[in-house]
Amino acid sequence: MYRLRTTFRQRFLRSIAFAILLTLISSLILPGATWAASSLGIDNGHLSSCPASDNCVVSQNADQKHAINPIPYHVDRNAAKEILLKVIGVVPRTEIVEQTDNYIHALSKSRIFKFVDDVEFYLPPNESVIHLRSASRVGESDLGVNRRRAEQIRLALRDLNI
């Protein structure tokens, strides 16, 4: 009986320790997710700037670490948007969640851990470029994933002669 009680007590303490650990981890991760969701969209003709972390690139108002060139196009703006939508549609684990006349928001999930990245595109009415922003919702570094994704989309569009 004593042995059973000791085993039960050890399991109970391990369960409590595990619950505390999960609570601490989630409290560190969730504020980042809240930040990401609140900084999306277009504000005064600009996509949001990147946070200080290394897991974001943007083509407007960026410092050197986060800067990426916009994607130029030489076709009609609506045609460029339609081609862009088709390209986004074939990016693995990526789904479009919002689109307007001049804005596209997609979510892209990592293969193993299912981390979510926000990928945004802005087609301003007075320029023949597609501005883009790709940012991880959590963490400090993405090991260059957001920049590579943006460059792959750029290459695909260039191959399609937009």
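Is arginine 137 buried, partly exposed or exposed? At 24% relative accessibility, arginine 137 counts as partly exposed (buried means under 20% relative accessible area, exposed over 50%, partly exposed in between, with a 1.4 Å probe and protein chains only). Welcome to this predicted model, where local features need pLDDT of at least 70, side-chain atom pairs count only at pLDDT 80 or more, and totals for chains, interfaces and linings use all residues. Residues are numbered from 1 along each chain as its sequence is written, and side-chain values use heavy atoms, leaving out hydrogens and water.

**Salt bridges**
- The structure holds six salt bridges (a side-chain nitrogen of Lys or Arg within 4 Å of a carboxyl oxygen of Asp or Glu).
- One of them joins the side chains of aspartate 118 and arginine 137 (2.8 Å, N to O).
- This pair links distant parts of the chain, 19 residues apart: aspartate 118 is in strand 7, and arginine 137 is in the loop between strand 8 (129-136) and helix 3 (helices, H or I, at least four residues, and strands, E, at least two, are DSSP runs numbered from the N terminus).
- Another salt bridge connects aspartate 117 with arginine 149 (2.8 Å, N to O).
- Aspartate 117 sits in strand 7 (residues 116-122) and arginine 149 in helix 3 (residues 145-159), so their pairing ties together parts 32 residues apart in sequence.

- Aspartate 118 is buried, with a relative accessible area of 1%.
- Aspartate 117 counts as buried at 7% relative accessibility, and arginine 149 does so at 10%.

**Arginine 93**
- Arginine 93 is found in the loop between helix 2 (77-89) and strand 5 (94-99).
- With 40% relative accessibility, arginine 93 counts as partly exposed.
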